[in-house]
Amino acid sequence: MSIVLDNVRVGGEAGDKPLFEGLSLQIADKSRMGILGTSKPANATLLRLICRTKQPDEGIVRSDVRVSWPIPLSAFLVGGHTLARNVRFIARLYGISDEDFPRRVVDSVELGEFLNKPLSACPRTAKGRLAFALGVGLDFDMYLFDGSFTPVDKPFKEKAAQITAARTAGRGFLIATNMPAEVEQNCESVYVLENGRATYYPRASEGIEHFTQLLAMEKKKQQRQGEKPGVEDDGEPLEEDVGMIGLAAVSIVED
Amino acid sequence: MLKLINTQLRVIHALALREMSSQQANLAYGFGWVFFDAFLGFASLMIMKFAIRGFNRPGVPPVTFLVSGLIPWMLFQSTYGLHAGTIGRGKNLLQLPIITELDLVLGSALRVLVVYTILFVALATLAGFYEDVAPRFPLGVVLLFFNMSLMGVGFGFILLALSRLYAPAAKFTGFFLRFAMIISGVIFSLSMFPPTVWPYLLWNPLLHEEELLRAYWLTNYQTPQVSVLYLTECALGIAFFGLLLERYMRRRLPP
């Protein structure tokens, strides 16, 4: 059982360079894989391709494993609905008839007291926590994480890491991120995204090393672009330099 | 295969429930408007019927005539017109791998079907008491009523594909369907038209639907040349072609 992307192409926004061109990768089930890419939109798009919520412009995506949505996706949560109602909707979708499921999910992220309150009336961190709890609370063969394994909620981070570790034990997970630290501790192997393609590193440490160099190069280029003459104080480029800066921007994407 | 069908039915059920409960939460703008809209349409056509006696056919109870024509027509109209809006509103839900555009549309169509079935049963019961008429062949009436929903879903997908290829298509179809109400037997039955135009009018499957509905309802309702076989062929053809276009749109014509 595996997930296969073969020669995939995904176009960029309105005439931009494609996000992926000739992208091929294979992810076995129960593998603990990291995907390192400097571009957040490209990482998110790759996860959407893997969980089949986006179709490639060209190429083939095959999957015979039950994958989660990119955790902590929260777009499907409705602010006006109670936490219980939001959880019940997901439970119905995935065929969970257990009456206690909403209570269990909400309790797992320390939101039990808000179970019957509308999401919009809960503390700011509740949405992220609930999205995380729902993602890891369901049974999947492979869990997909976008950016980080844990919500951006400092007091809850440690507990979230424990929940993630417990839920993904014996199953596969995949994280797409631009933060090597997330991959370093948890992943066995890595794909590095570069020029719209993915390079496989069977040992995570090698991939992280290459990606760190990529990040450094990108940073240098951004600094060089920042020092470019002809940019006025208000941040608006002079008319004669617009074309040149445009080219510089393209070269960053190309690298 | 059965597992996939079971999953899809579960998803449609969950989406329909979510839509219904969202509308009930705001009753004045939800079901309230549906009933109000139906009542207004019904009342205005009743006034026309009584004011212009020529519209009435001798021996045909006018209220039952309208109920059996108008409510199925409104079901069709509400169903074919919901596709683009439902997909637009459900963009966040489409980020869940288990939900497709087809599920969103079918969930919404199910909600519309439930609402109009309640309306149909309520008004038909009232008309039955008022005019002392009971359906001659209730199973036929029920099947034809559901068939209206099926044609609405199929026709809606055809319309959606056309409007994604050529945006103003939806406008043209809107104009055409207003005219279609007159030639589809909602207000005027086939025998009210001169026999010379029958061969042309009978291309319209909705006219067959309306005429058959009344023929199955009223004992002495005579309708020339309509065909159950033609209607079935058209309904299955429209549904098949609509679903075919939905598959095509998923990959080639994203919203």
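**Exercise 1. List the contacts of Ile175(A), leaving aside its neighbours within four places in sequence.**

Solution. Two residues are in contact if their C-beta atoms, placed from the backbone, lie within 7 Å. By this rule Ile175(A) is in contact with Gly34(A), Ile35(A), Phe145(A), Phe149(A), Glu182(A), Val183(A) and Cys187(A). The model is predicted: local features need pLDDT of at least 70, side-chain atom pairs count only at pLDDT 80 or more, and totals for chains, interfaces and linings use all residues. Residues are numbered from 1 along each chain as its sequence is written, and chains are lettered from A, with ligands numbered from 1, in the order in which they are written.

**Exercise 2. Find which residues touch the most other members of the largest nonpolar core.**

Solution. A nonpolar core is a set of buried Ala, Val, Leu, Ile, Met, Phe, Trp, Tyr and Cys residues joined through C-beta atoms within 7 Å. Buried means 20 or more other C-beta atoms within 10 Å of the residue's own, with C-beta atoms placed from the backbone; 12 or fewer is exposed, and in between is partly exposed. The largest core has 125 residues, and those touching the most other members are Ile35(A), Leu130(A), Leu144(A), Leu174(A), Ile175(A), Ile71(B) and Tyr116(B). Helix H5 (residues 101-131) of chain B provides the largest share of this core, 15 residues. Helices (H or I, at least four residues) and strands (E, at least two) are DSSP runs, numbered from the N terminus.

**Exercise 3. Describe strand S5 of chain A and its pairing with S6(A).**

Solution. S5(A) covers residues 67-71, and five of its five residues are buried. Strands pair if DSSP finds at least two bridges between them. Here three bridges join S5(A) to S6(A) (residues 142-146), and the two run parallel. Within this pair, Ile71(A) stands opposite Phe145(A).

**Exercise 4. Work out what chain A brings to its contact with chain B.**

Solution. The contact takes 14 residues from each of chains A and B. On the chain A side, S5 and helix H2 (83-93) each supply at least two residues. H2(A) gives the most, with three residues.

**Exercise 5. Decide whether Glu209(B) is buried or exposed.**

Solution. Glu209(B) lies in helix H9 (residues 205-217) of chain B. Glu209(B) counts as buried because it has 25 C-beta neighbours inside 10 Å. Not counting residues up to four places away in sequence, Glu209(B) touches Pro72(B), Leu144(B), Asn147(B), Met148(B) and Leu231(B).
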